[in-house]
Amino acid sequence: MTILVPGSVPELSGIISEAFETSSPLQLTGNNSKDGFGHVNDGASQVSMAGLRGITLYEPDELVIGAWAGTPLDEIEQALKGEGQQFSFEPMRLDRLYGNDGNPTIGGMTACNLSGPRRIQAGAARDSLIGIEAINGRGEVFKSGGRVMKNVTGYDLVKLMCGSLGTLGAITQVNYKLMPCPETSMTLWIQMYEAEQAVALFHEALKTPFDITGAAYVSGENSGAMLRIEGFEASVRYRINALKQYLSDRLNDHEINEFEGEASHGLWRAIRDVDLLNKDVIKSIWKISTKPSDGARIINAVCREMAASYVMDWAGGLVWLGVHDDLHDGGAAQIRHIVDQLGGHATLIKSTDVVRRTTAIHHPRKSGVALIEKLIKQRFDPANILNPETMGII
Amino acid sequence: MSGLLLPEPDQSLLDKREEIVLALENMLPAGSVISSENARRAYDADALTAYKQLPLVVVLPQTTQEVSLILAYCHKNGIPVVARGAGTSLAGGALPAADGIVLGVSRMSKVLEVDFDNRFMRVEAGVTNLNISNHVEADGFFYAPDPSSQLACTIAGNIAMNSGGAHCLKYGVTTNNLLGVRIVLIDGTIVDIGGGHLDAPGLDLLGLVTGSEGQLGIVTEATVRILAKSEGAKPVLFGFQSASAAGHCVAAIIGAGIIPVAIEYMDRPAIRVCEAYAKAGYPLDVEALLIIEVEGSDPEIDYLIDRIVEIAADHDPAVIKVSQSEAESAAIWKGRKSAFGAMGRIADYMCMDGTIPTGQLPDVLEGISRICEKYGLQVANIFHAGDGNLHPLILYNANDPDELRKAEQCGAEVLELCVEVGGCLTGEHGVGIEKRDLMTSQFNAVDLAQQMSIKSALDPQWLLNPGKVFPLNGRPARAKKPVPLQRHEHEGAEI
């Protein structure tokens with residue numbers, strides 16, 4: 001299949017206008033690092049943002065960076081590292097999970113509203129995104145937000161575009177606010193064999209004033225709960241000790257280990273990128289967002305019905321579920337039934353092409369929300385040509 | 001009344017006033033409808049006091065169902081609706097329409113659910129900002145956004161304007177601390193968006209609703225994130241002999257990787273007025289004052305303050321004063337948070353709300369002085385220095401119509417300067433009616449059309465807060481007849 005790679009905004013706008021005139025569907029992509037996610041959009045022409053590349057603005061003193069959508073994340077993170085800064089939301093990488101060597105772009109990160117373990121403390125990409133430029137389904141270029149971090153001028157299309165998976169427009173430029181990299185990062189690893197126990201631990205830990213920036217649980221061989229604290233070294237050491245003391249008073253006979261520096265980073269990178277579910281035995285991977293207290297309940301209910309592995313992040317509020325059974329819908333019906341009873345939503349992240357063609361990737365929305373989504377989609381993309389069906393907006 | 005216009009009132013609605021009042025009285029419990037002219041006067045303005053407009057009638061519903069009935073009726077009969085929280089908008093966001101009703105949410109003020117394990121609270125939309133924090137304070141939690149009007153302002157208004165506050169440098173603004181809303185669309189449809197989990201499926205409708213100034217629907221309930229309080233907090237004051245020294249000091253602190261919870265700035269005129277009011281111990285003989293607050297345990301606070309003081313020393317501060325007690329800290333914040341009120345004791349003022357890239361600070365302050373001098377008006381500057389959100393207060397005499405017009409023109413030039421240097425018209429107060437006609441300086445026709453298309457999709461007759469946000473010229477033709485969005489039903493979703 002031909003992939004169009006426009007090198008300028010007018011060129012991209014021309015491609016979209018023409019597709020609008022002829023009602024021809026387009027599949028918007030970056031470097032295809034997430035190829036394997038979403039519906040299989042047969043028949044759509046691929047348009048890659050990779051030709052729109054480069055950092056447009058970087059003011060370390062103002063904690064702001066801007067870039068063209070096709071700029072590789074590596075290039076941006078390299079620049080940030082040079083100034084001791086980072087995206088606070090710890091964007092996850094999906095290329096390894098999908099077995100792609102594509103180099104993820106900042107536009108793809110934005111369109112997917114990616115984040116990582118620090119989501120519980122620092123928000124997702126949508127919370128740091130402060131400005132966008134995009135092209136709607138008529139080929140018209142529009143902008144929202146800007147380059148300053150406090151801005152309530154007009155409707156917040158920045159949030160709306162973030163995570164819209166290219167269904168409302170082709171994002172061409174983005175501006176993000178930044179955070180300084182913490183001087184020190186330390187992790188407490190607490191041996192634990194039950195997800196419920198971990199959730200109870202997270203409830204307690206997050207009621208403390210120690211500003212926890214990661215709370216995850218892994219099952220299996222090295223089953224345990226992890227809690228992360230970051231900041232200036234003296235402060236981190238103080239808070240880690242205080243937290244350890246607080247938890248020791250509540251836990252009996254649980255082995256507690258400390259990790260810091262690269263050892264700590266490595267643990268969280270593996271959680272962030274779902275490395276533990278990246279194995280052949282797993283046929284379908286689900287991302288379930290729920291109330292933290294329901295994370296373990298969902299895991300237990302699903303595991304009663306099918307063979308599955310899991311990782312729990314966001315203090316229980318995010319469950320990564322790897323289904324071992326070769327089910328025709330990847331487990332959608334059973335998993336969504338369980339999630340609907342407790343509240344939350346389940347997204348199919350990875351499965352076979354057959355399952356992806358026949359199963360709703362995104363959790364069906366309730367009628368009121370579905371109505372609003374449809375009304376908005378019509379106004380941004382009246383001919384329904386941009387990533388049609390991608391988000392299950394009907 | 002000065003230059004800003006509201007849409008031409010519909011004479012047929014004005015003629016039907018009694019019929020409308022009667023219909024509302026019939027659908028709502030006794031005491032919910034305020035129709036006498038005297039009682040309606042209390043709702044004819046918000047905190048943008050230069051503008052007053054008597055509404056047709058005021059309704060104070062107590063439930064989401066009542067809001068749904070009211071909106072369905074207004075939709076069917078083409079009656080404009082202006083939602084109102086506590087009426088603290090400085091941008092005229094709650095200014096009534098002459099041919100419309102004001103729907104106040106003040107009687108919906110119950111806390112519905114507190115969930116410490118999941119760190120959220122579900123409240124009715126009329127709860128005040130401060131009451132949310134007060135409700136959980138004893139348990140060591142708080143709600144982070146803290147606008148200066150937090151004693152009075154409601155979460156409904158905070159959501160409508162995406163309000164910020166002094167501490168949003170670390171904790172973010174309303175949109176970063178909101179998990180869900182129950183919203184009533186113009187045709188009465190009740191929709192639940194989000195809930196107790198961190199992100200909702202599909203498009204980020206919560207992000208869209210936040211900051212939409214009551215134009216897309218009326219929020220009746222909110223689920224907000226609550227956070228565990230830090231062990232302690234302490235402010236330190238720095239006085240500088242120039243704005244530029246203060247500006248460079250802020251940049252150096254952030255450049256060193258320190259993000260204090262707040263960095264507040266006041267210039268000489270603001271310092272004098274606030275000190276006279278709050279007796280906060282502010283130094284009076286400096287050009288610029290920074291209040292920098294850090295959080296943590298005592299040793300952590302001491303460590304951070306030492307580092308900040310060390311960095312500030314390179315910028316030649318005239319005064320360094322670390323708070324020595326809880327009482328002193330409280331007085332320091334009282335001075336800052338009551339700044340607008342204190343200023344109001346000495347003069348009328350227009351409070352601007354532009355944001356600029358922080359590197360532009362000294363140049364923009366100079367520009368503001370130049371503009372105000374040109375108009376012969378005094379200005380006091382108070383702002384959130386860490387994020388570049390400026391609040392120049394332009395002083396004028398409200399009894400002199402000529403001076404009001406001058407103050408408005410002066411304010412407009414100040415905001416245009418903010419946009420010119422890469423900033424925006426409003427950082428946390430909202431567009432309302434005040435900045436409506438300046439929107440074209442920040443957005444082109446396509447940008448505005450894209451925003452307005454959402455308004456038209458969700459409110460085809462443009463009945464919800466119709467006079468605000470978008471310039472009256474260049475609006476799409478609005479539907480003349482009610483367009484059903486869908487049949488009325490409450491999906492009964494749990495939050």
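Among contacts in chain B between residues at least 6 apart in sequence, what percentage join residues at least 24 apart? In this predicted model, the figure is 73%. For chain A, 71% of the contacts between residues at least 6 apart join residues at least 24 apart.

Chain B contains 17 helices and 18 strands. Its radius of gyration is 23 Å, close to the 23 Å that the globule rule gives for 495 residues, so chain B is as compact as a globular protein of that length. Along the principal axes, the C-alpha trace of chain B spans about 65 × 55 × 45 Å. Of the 495 residues in chain B, 59% are buried.

Chain A contains 14 helices and 18 strands. A compact globule of 394 residues would have a radius of gyration near 21 Å, and the 21 Å of chain A agrees with this. The C-alpha atoms of chain A fill a box of roughly 70 × 50 × 40 Å along the principal axes. Buried residues account for 57% of the 394 residues in chain A.

The two chains touch. Chain B brings 79 residues to the contact, and chain A brings 70 residues. On the side of chain B that touches chain A, several elements give two or more residues. They are strand 9 (190–194), helix 8 (205–209), helix 9, helix 11 (298–313), helix 16 (439–442) and helix 17 (445–458) of chain B. Helix 17 of chain B gives the most, with 8 residues. By class, this side of chain B has 30 nonpolar, 36 polar and 13 charged residues.

The interior was examined next. In soluble globular proteins, nonpolar side chains tend to be buried together. The largest nonpolar core here holds 281 residues. Seven of its members touch the most other members: Leu321(A), Val81(B), Ile101(B), Val224(B), Cys274(B), Leu290(B) and Ile394(B). Helix 9 (residues 243–255) of chain B supplies the largest share of this core, with 7 residues. Residues up to four places away in sequence aside, Val81(B) touches Leu71(B), Cys74(B), Gly100(B), Ile101(B), Leu103(B), Leu463(B) and Leu464(B). Of these partners, Ile101(B) is itself listed among the core members that touch the most others.

Leu90(B) lies in the loop between strand 3 (81–84) and strand 4 (101–104) of chain B. The cut-off for a buried residue is 20 or more. Leaving aside neighbours within four places in sequence, Leu90(B) is in contact with Ala47(B), Leu48(B), Cys351(B) and His429(B). Leu90(B) and Phe383(B) are 293 residues apart in sequence, yet their C-alpha atoms are 15 Å apart in space.

The domain assignment of chain B gives domain 1 (233–339) and domain 2 (347–431). The C-alpha centres of these domains of chain B are separated by 22 Å. In the contact, 16 residues of domain 1 of chain B meet 13 residues of domain 2 of chain B. Helix 9, strand 13 (262–267) and helix 10 (268–278) of chain B each supply at least two residues of the domain 1 side. That side divides into 12 nonpolar, 2 polar and 2 charged residues.

For chain A, the assignment gives domain 1 (3–180), domain 2 (184–272) and domain 3 (275–358). The C-alpha centres of domain 1 and domain 3 of chain A lie 27 Å apart. Their contact takes 10 residues from domain 1 of chain A and 9 residues from domain 3 of chain A. On the domain 1 side, helix 3 (95–98) and helix 5 (119–122) of chain A give two or more residues. Helix 3 of chain A gives the most, with 3 residues. By class, the domain 1 side has 6 nonpolar, 2 polar and 2 charged residues.

Strand pairing was also examined in chain A. Strand 11 (residues 184–191) and strand 13 (residues 224–231) of chain A run antiparallel and are joined by 8 bridges. In this pair, Gln191(A) has Gly224(A) as its bridge partner. Strand 11 of chain A also runs antiparallel to strand 14 (residues 256–260) of chain A, with 5 bridges. Here Ile190(A) has Ile256(A) as its bridge partner.

How values were computed:
Residues are numbered from 1 along each chain as its sequence is written. Chains are lettered from A and ligands numbered from 1 in the order in which they are written. This is a predicted model: local features need pLDDT of at least 70, side-chain atom pairs count only at pLDDT 80 or more; totals for chains, interfaces and linings use all residues. A nonpolar core is a set of buried Ala, Val, Leu, Ile, Met, Phe, Trp, Tyr and Cys residues joined through C-beta atoms within 7 Å. A residue is buried if 20 or more other C-beta atoms lie within 10 Å of its own, exposed if 12 or fewer, and partly exposed in between; C-beta atoms are placed from the backbone. Helices (H or I, at least four residues) and strands (E, at least two) are DSSP runs, numbered from the N terminus. Two residues are in contact if their C-beta atoms, placed from the backbone, lie within 7 Å. Domain bounds come from an automatic or database domain assignment. Ala, Val, Leu, Ile, Met, Phe, Trp, Tyr, Cys and Pro count as nonpolar, Asp, Glu, Lys and Arg as charged, and the others, Gly among them, as polar. The radius of gyration is taken over C-alpha atoms; the globule rule is 2.2 Å times the number of residues to the power 0.38. Two strands pair if DSSP finds at least two bridges between them.
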